[in-house]
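This briefing is meant for a reader meeting the structure for the first time. Please look at the sequence and the model before turning to the notes on the ligands.

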Amino acid sequence: MSTDWKTEVDKCSKCGKCHTVCPVFLETGDESMVSRGRISLAEALRDKQIVYTDKLRDYVYSCKKCMRCRTVCPSGVDYEVIISALLSGVAENMGIPLLPRIIFRYILPRRILFDLMLKVSSKIQWLIPMKRRGQMRHLPLLFMGKRWIPTLAKKTALQKFRKTKKLKNPKMRVGLFTGCLINYIYVDIAEAVVDVLNRMNIEVVVPQGQLCCGTPSSTMGDFKSTKKLADVNKEVFESQKLDAIVTACATCTKAIKMDYLRTLGPSWQSMSDKIYDISEFIDKYCGDEYETKPIDEKVTYHDPCHLLWVRGISDEPRNVLKKSSDFVEMDQAGACCGGGGIFTIIHYDLTLKMLERKVASIERSGADTVATNCPGCVMQIADGFAGKNSKIKTTHSIQILQKALVDSGINKEK
Amino acid sequence: MKQETHNNKIQAKVFEELCDAIGRENVFDNIEERVCYSFDATKEKSIPDLVIRPHSTEQVSNTVSIANQHNIPICPRGAGTGLSGGSVPIKGGIALDLKNMNRIVELNARDLTVTVEPGVVTKDLQDEAAKHRLFYPPEPGSAGFSTIGGNVAECTGGMTGMKYGVTRDYVLALEIVLPDGSVINTGSKTLRSVAGYDLTRFFVGSEGTLGVLTKITLKLLPLPAKIGTVMSYFKDIDSVLNATDSIIVKNHLHPRSLEFVDKTCIGAVRGSAEETIPEEAGAFLLIDVDGNEKNVANDISRIEALCRENSALKTSIAKTDDERDALWDVRKSVSPSLFKIASMKFNDDFCVPRSKVREVLKKVYELGKTYSIQVAAFGHIGEGHIHLNVIYNDGKEMDLSVHKLVSQILKEVVLIGGTITSEHGVGDAKAEFIGLELAPHEIEIMKDLKKMFDPKGIMNPGKIFI
Amino acid sequence: MKHFKKTKTESKKHQKVLNELIMVLGGEKVLSAIEDRICYSYDGTKQKALPDIVVRPGCTSDVSNTLKIANKYEIPIYARGAGTGLTGGAVPLMGGIVLDLKSMNRIIEICPEDFVATVEPGVVTKHFQDEIAKFDLFYPPDPSSAAFSTIGGNVAECAGGITGLKYGVTRDYILALEIVLSDGSVINTGRKTLRSVTGYDLTRLFIGSEGTLGVFTRITVKLIPKPKKIETLAAYFSDRDDAIDAADLIIDNNILPRTLEFMDQMTISAVRGYGEAPIGEDVKALLLIDIDGTEESISHELPVVENACKEKKAFKTKVAETPRERESIWAVRRSISPALYNIAPHKINEDICVPRSKIKEILQKVDQINEHQTIYIANFGHIGDGNIHVNIMYNDDPGQAALAESIVNKIMREVVAVGGTISGEHGIGNKKSQFMELEISPKELAIMKRFKGFFDPKGIMNPGKMFI
Ligand SMILES: Cc1cc2nc3c(=O)[nH]c(=O)nc-3n(C[C@H](O)[C@H](O)[C@H](O)COP(=O)(O)OP(=O)(O)OC[C@H]3O[C@@H](n4cnc5c(N)ncnc54)[C@H](O)[C@@H]3O)c2cc1C
Ligand SMILES: Cc1cc2nc3c(=O)[nH]c(=O)nc-3n(C[C@H](O)[C@H](O)[C@H](O)COP(=O)(O)OP(=O)(O)OC[C@H]3O[C@@H](n4cnc5c(N)ncnc54)[C@H](O)[C@@H]3O)c2cc1C
Ligand code: SF4
Ligand code: SF4
């Protein structure tokens, strides 16, 4: 895993520019919670001045891995290489807590077990008092959180789309990588993706063998587990004849399009090139063709870090939304919503602060609905509004398009 | 009499030593000469024992080191136009007249810098710069006769401060003769320098108490293409302040000058200038804007409109340079005209946050009434700066109540967050009041620093600190 | 190095200091774990030195108490803003305590009517500029690091920046300071009024003192109305001297642009690819020019500036049409400093300032000094002020570091010989203290040291900086 982090750290000029964008640093002002600080810690590790300690682990885990710092770094430091090395260092040297380890190593790679685990918990979730719009505490997937999370779906996305709906003369044939959140919770997003694409005369396959993308394990430095998952996913998707692979999850796109290049090596390149975020895909392949009747709602867009800061995708989702609604921009659309991974568990207070800011930006925009391209962000932002008795709805932008799409033009002949 | 006692202090031997070192022709001990260097524009007087008029840094250095050896007070002097007693040799000793060191050493148009000797008259420098289409902004009312050395020593402000800042902002480098006669160079003739501590600005505004400035390098700006001037008369101060607010706060126009004058001042200048002043005028604003042709025309008409909106009684826009001069004549004659009202004047020159001007003026006029003493206010209102003149006729009793009034006023000023002197300096006139503004330990620090440079206390003793 | 924890008694002292700090400030403001100390061990020079303790004060009295303890035990105190300094100012060379002032980052008040504002030192410059922009006000000092450096650090270094030609530097905007002195006492200098000349100008004495005289805990600044409009123009030259001539001609035309930035060929090659519009290989020098003012003044000045560039043989000029284009032009400029590491891994950053008429001469000298070209020198900077950042880039090969040092030495001598200064805006720190003597005579140096001795008799404030 340690490609060349040891030399990568030397590239950092210690200029401090990462201060300007790091969502965690902007909240705390702690030098230990920004790339520059962590890079210097990595240097110290390399130079054997320090060893792995609880404190160090905390500092490593306090990175959201949003990669926004990398986008401004004038010295071109590939911070991801460094943070990944630190994460796996933590994992190797300090181990991974038992429960996640079991989940990463034994359950995630086995769909049946995962399904079973969640099914059990979806049964017992009724034991937990229901609060606020059908949301529940403690989804087992985020086993340590203190968070409000939507109830589990009765039937997972994979189960729903076991069979591919055949089109007569499809323009393209694409595979959908669902990702865990969509598979188990936001099945409606998957439905929207399939529906929209079908109506655009694109056949959608949902390969059944696919597994978790591996982000949860990478986040905790367990790159071995990630590799296992990646191997399976590679096999599953390569065995299909697909023109493209789409996802509706920004984090999954980052994982399978970008991270797998490191996990799996250059052999993944040709597949990687075919992976798209759903809006990106639509904008690229159907942008001029589909017709809409914009819904009568003000919709704003939140940029998921993993889409904007990792991939620079910002216009495409907006193009889709502009065609589908009365689009309004919010200030700080690219600011992190605070959601995601181990960070929300360790730094729940910071997560909340980021969320508060996000919610305030959305409110200022005057939008009725906030759309985004990541189920993680949907979950986080909905959480922010849940307690507030707010009328503002949170949704995936594909669901807006689904409502606005008119069956004419390319999708008429269906 | 004072001069006799002082005279005894400088022994013949020292006198000879001085003459040897700097030439007999530059050392004056006749009473006529000494009287002529005994005062400044505060009208305060104290006759020095000797007047020395050096022509070079070396002569200054020699004078100072001899004075230092013999513990003789030295009072540097520019044009003696100061308004806080800075160049009055209140402890006798040597009046060091720097007016003979008045060369513009080099003006480097490309570098936007000029180096001058301290005795150069401010206006002369400005005129010289203008020949190169350059501009030295600080413009005290006394620019026509005060010296650059005096300006730097007082950190003079002036009419253009609103837009261009004060003298300090233009000083790049100094040659200084220290109290032991040694010569140092501070700063750099570059537009920027941060090497080491900022000795340059530390000496700016030090009022001749730390050393004698013998060469001064200043920064210049390109000369604005055009200046436009509006005079606007108002019924009362309230309207003036409203107009000011709408010009600079609401509309963010950034005039070159924004001068205000109150009713008493208007009474004093009425008739002394060409401009006819409306009968009911209780205050005026004189506004300069500069920039390019179009900008100026635009700003002037906007400002005029804003004045009218705020119930100006009359506005005049200068169309020619002569008209402009005529308008400024009115403003410039204020200070001297006040002597028409009474023979004595105490010149307060405070500055408050601009939003507090209304409040402080109200207090001041009330206090004037309480003490039955006339007060006249004018000043650079855009910066919250007020020249408050307490006008009175000489007399023991009067002196006492004037003193009381002044200290009352300054107390109010400080209370409101203002400063007791914004451009005239402390000198001896305000030395007793610095405790109002500065904490005892801060004054101690300043005194200690003074001692560090001038352990024997020969440089302009009796100033700033009492 | 004087790490006070080295010997046995010293280590006792260390524990005592730590305990006392924790007692007075509370545990959460006092960090002593190695991980934390590492994160406060460096600045923008890439130098490193480990502090023993990091204190994160929340208010003036925290700072005062820390200094009292440090003074009692004679422990070095290193004030630190964002650690973006380019001369090593915030690096705790002798260990001791790093005082991280980023934790004091409140804007205390903005008074739009008075054109003043008061801030704590840890406020990030750009953040402050954005806040006052809401009132249509403007705080001009604008170092390229404005988005991440602190106002406290700016004041301590007397930072300049790209707007200096027209608007001056940090010094010109500071009205009043609250300062904690080395014995923990607190003084207030200056006044919150636009003018004040009461007593000596301690404010300016402390500006640029690089944390060696005291710690700023409150800063009152002067504001001015925000210019209504800004236009940006990039001019491309095929000859360095042409660019310099063009800069001269613009100013000769009586125009002071808001910014007038110069980049030479080596600099351009380092940042090539950073902006949206790639810079062609034939570009040997670049001027980036901002003009601000009103609609009318800009419509007058912009053509004059553009023509001046053309007259001096700019082969292309480009006026930014959208805010985005403008931003992208300036993003390139702001990335220079770190992007230079693309040329070579090591950099000596000189920040010379010469009279403008001497720029050509000094650049020629720099060329001559480096005639063998085994080391790369990139020049860029605020050409209107004569402030050029001369960056000497070298790699790990044996002898290169020494060669670079000797080149720096020669350049510094030339700079002083033409009447220039060794530091236009970055300060002295420890990186340039060895050159102080070139510019500053022993007499003046002695005076500065007396100031230092006066305010900091025990030598605990930022030891190892400014003087050697
Ligand atoms: C009509 C009138 C209008 C005025 N308007 C203004 C105004 O608008 N703004 C303003 O700020 N002031 C104004 N003043 C006050 C005065 O003109 C200024 O303070 C001016 O700077 C004094 O300069 P000077 O050459 O007369 O110095 P002096 O009065 O001779 O000396 C002033 C102080 O500077 C010291 N000094 C002089 N030269 C040197 C030197 N070379 N080295 C060291 N110390 C030196 C003296 O010791 C003394 O302490 C005005 C005065 C008058 C009479
Ligand atoms: C990419 C980049 C571009 C830059 N561009 C410019 C530029 O254009 N112009 C320019 O002038 N500089 C520039 N710099 C240098 C640097 O950003 C400035 O010197 C800045 O002022 C430092 O601020 P800081 O908050 O990072 O201070 P630090 O680096 O943390 O500290 C700098 C010095 O100030 C002292 N200090 C900090 N806070 C206080 C306080 N509250 N009280 C007392 N002392 C204190 C420290 O002890 C130290 O000596 C640049 C740096 C980088 C990395
Ligand atoms: S922006 Fe890049 S070079 Fe600068 S401190 Fe951060 S990681 Fe290092
Ligand atoms: S990846 Fe995101 S959270 Fe982590 S250091 Fe970079 S900006 Fe901060």
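The notes below go through the ligands one by one and then turn to the domains of chain C.

This is a predicted model, in which local features need pLDDT of at least 70 and side-chain atom pairs count only at pLDDT 80 or more, whereas totals for chains, interfaces and linings use all residues. Residues are numbered from 1 along each chain as its sequence is written, chains are lettered from A and ligands numbered from 1 in the order in which they are written, and side-chain values use heavy atoms, with hydrogens and water left out.

**Ligand 1**

- Around ligand 1 there are 34 residues (a residue counts if one of its heavy atoms lies within 4 Å), and the closest are P76(B), G78(B), T81(B), S142(B) and T147(B).
- On its own ligand 1 has 970 Å² of accessible area, of which the protein covers 95% (areas come from the Shrake-Rupley method with a 1.4 Å probe).
- At least two residues of the shell are supplied by each of β3 (74–77), α6 (148–154) and β10 (212–219) of chain B, and α6(B) provides the largest share, with five residues (helices are DSSP runs of H or I with at least four residues, strands are runs of E with at least two, and both are numbered from the N terminus).
- By class, this shell holds ten nonpolar, 20 polar and four charged residues, where Ala, Val, Leu, Ile, Met, Phe, Trp, Tyr, Cys and Pro count as nonpolar, Asp, Glu, Lys and Arg as charged, and the others, Gly among them, as polar.

**Ligand 2**

- Ligand 2 lies between chains A and C, and of the 36 residues around ligand 2 those that come nearest are A79(C), G81(C), T84(C), S145(C) and T150(C).
- In chain C, the elements that give two or more residues to the shell around ligand 2 are β3 (77–80), α5 (151–157), β10 (214–222) and α12 (336–339), and α5(C) gives the most, with five residues.
- The shell around ligand 2 consists of 13 nonpolar, 19 polar and four charged residues.

**Ligand 3**

- The residues around ligand 3 include C12(A), C15(A), C18(A) and C73(A), and also K14(A), K17(A) and R36(A).
- This shell divides into six nonpolar, three polar and three charged residues.

**Domains of chain C**

- Chain C is assigned domain 1 (8–103), domain 2 (107–225), domain 3 (229–337) and domain 4 (343–427), with bounds that come from an automatic or database domain assignment.
- Because domain 1 and domain 2 of chain C both give residues to the shell around ligand 2, the ligand lies between them.
- The centres of domain 1 and domain 3 of chain C, taken over C-alpha atoms, are separated by 43 Å.
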